[in-house]
Amino acid sequence: MTSKLETVSVSDTKQTLSSTAAVKAVFIRLGVLPFFLVAALILFTLASKQFLTLDNLTNVARQSVYLVLVSLGQMLVLVTGGFDLAVGTSIALTSVVSASVMVYFAAQFPDTVWLVIVLGVSAGFLAALALGMLSGIGIAQFGVSPFIMTLGVQSVGAGIALFLTGGVPIGNLPFEFGDLFGFGRVFGVPVPVLIAAVAIAAMWMLMNRTRSGARIYAIGGNIKAANLSGINTKRTLFLAYILCALLASVAGVLLTARVESGETNLGGTIALESIAACVIAGVSLRGGIGRVESVVLGAFFIVLVQNGMNLMQIGSYMQMVLLGSLLILAVVIDQFRYRMLVGNR
């Protein structure tokens with residue numbers, strides 16, 4: 001009898017150790033996101049009956065498109081070991097520049113609506129491209145800290161956006177612009193979702209199937225070793241910040257179409273949200289680590305949490321407090337994960 005009890009006890013202990021090892025393996029591989037996601041689903045499902053409905057989850061997926069796009073760009077620069085605080089400004093500047101150009105050319109060429117839209121969107125992309133190039137040159141060529149450089153670019157871009165508009169929204173955009181990019185559908189799928197899907201696929205290919213992706217990971221892992229191995233680290237860093245700004249610009253065009261006006265306050269908190277989405281998704285702040293699919297899920301998680309807090313009728317100010325706390329917690333946990341990763345090597 002005693003022998004049987006001891007056998008059962010040893011078996012239970014082995015099972016417990018096996019479960020702990022499995023949880024540890026998931027944590028090391030995917031970060032804290034799976035645990036946060038399960039906790040959020042349980043908490044908000046208990047708090048609101050509307051939370052886990054198909055309509056609500058579909059709405060969350062559609063709303064997460066903009067953050068997904070920005071987070072993909074943010075991931076690029078985080079993997080290199082930097083970050084971009086100017087993504088919100090890229091969105092705002094894209095919005096006001098594209099709207100201003102569309103309004104101007106719509107008055108000049110009222111019968112060529114799609115040409116006006118193309119000119120407006122192109123101008124928005126160019127404005128964001130200029131911000132990305134500014135950040136890239138400062139960080140890659142002159143070795144300025146990403147924090148200082150992108151903070152300065154953020155201030156420059158915000159000032160230009162306010163100078164162009166005086167803080168007043170720009171309306172009277174072509175109806176077709178909002179109808180397609182804001183509310184359009186192709187085969188029943190919202191156009192913003194399709195654009196995000198294309199961006200996700202392109203980013204996955206870049207990071208997993210191209211030399212540029214491998215170089216970005218190498219720079220984040222050890223920039224000196226990457227330089228000694230023949231990688232042009234300055235060009236790769238420059239490319240990362242340009243792509244980050246352009247992805248934010250795509251989000252800016254879609255948001256402008258959604259609200260049907262050029263706004264200087266678009267993307268006000270998206271820098272924090274995109275960094276939070278990446279860190280929660282396991283992208284290391286030290287660089288060299290990050291997965292595209294996890295970042296997409298991380299952005300979905302952030303929007304899911306915001307949706308859950310809205311259903312719980314938590315005020316916007318308190319939501320900022322909770323979101324910031326979530327980011328701090330994710331960063332602290334990232335420190336433990338990094339130590340475990342280093343210890344396993």
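1. Start with helix 3 and helix 11: in this predicted model the two run roughly antiparallel to each other, because their packing angle is about 165° and anything over 145 counts that way. Helix 3 covers residues 54–79, and its axis sits 7 Å from that of helix 11. The crossing is left-handed.

2. Who makes that contact? From helix 3 the residues are Arg 62, Val 65, Tyr 66, Leu 69, Val 70, Leu 72, Gly 73, Gln 74, Leu 76 and Val 77. From helix 11 they meet Ala 240, Tyr 241, Leu 243, Cys 244, Leu 247, Ala 248, Val 250, Ala 251, Leu 254, Leu 255 and Arg 258. Sorted by class, that gives 17 nonpolar, two polar and two charged residues.

3. Staying on helix 11, have a look at Ser 249. Helix 11 spans residues 233–259, and Ser 249 is part of it. Is Ser 249 buried or exposed? Its relative accessibility is 0%, so Ser 249 counts as buried. Leaving aside residues up to four places away in sequence, Ser 249 touches Thr 94, Gly 124, Phe 125 and Ala 128.

4. Phe 238 is also worth a click, and it too belongs to helix 11. With a relative accessible area of 24%, Phe 238 is partly exposed; the cut-off for buried is under 20%. Again setting aside residues up to four places away in sequence, Phe 238 touches Met 133, Gly 136, Ile 137 and Ala 140.

5. Finally, the annotation. The unreviewed UniProt entry puts "transmembrane region" on several spans, among them 113–134, 146–166 and 238–259. How does the model look there? Residues 113–134 are 100% helix and 0% strand, with the end C-alpha atoms 32 Å apart. Residues 146–166 come out at 95% helix and 0% strand, and their end C-alpha atoms lie 29 Å apart.

Definitions and conventions
Residues numbered from 1 in each chain as written. Predicted model: local features only at pLDDT ≥ 70, side-chain atom pairs only at ≥ 80, totals over all residues. Heavy atoms only, no water. Helix = DSSP H or I, 4+ residues; strand = E, 2+ residues; numbered from the N terminus. Buried < 20%, exposed > 50% of the residue type's maximum accessible area, 1.4 Å probe, protein only. Contact = heavy atoms within 4.5 Å. UniProt positions renumbered as here; feature names shortened; annotations may be inferred. Axes fitted to C-alpha atoms, helices over the stretch in contact; angles between N-to-C directions. Parallel < 35°, antiparallel > 145°, perpendicular 65-115°, else oblique. Left-handed = near helix turned anticlockwise from the far one by under 90°. Nonpolar A, V, L, I, M, F, W, Y, C, P; charged D, E, K, R; others polar.
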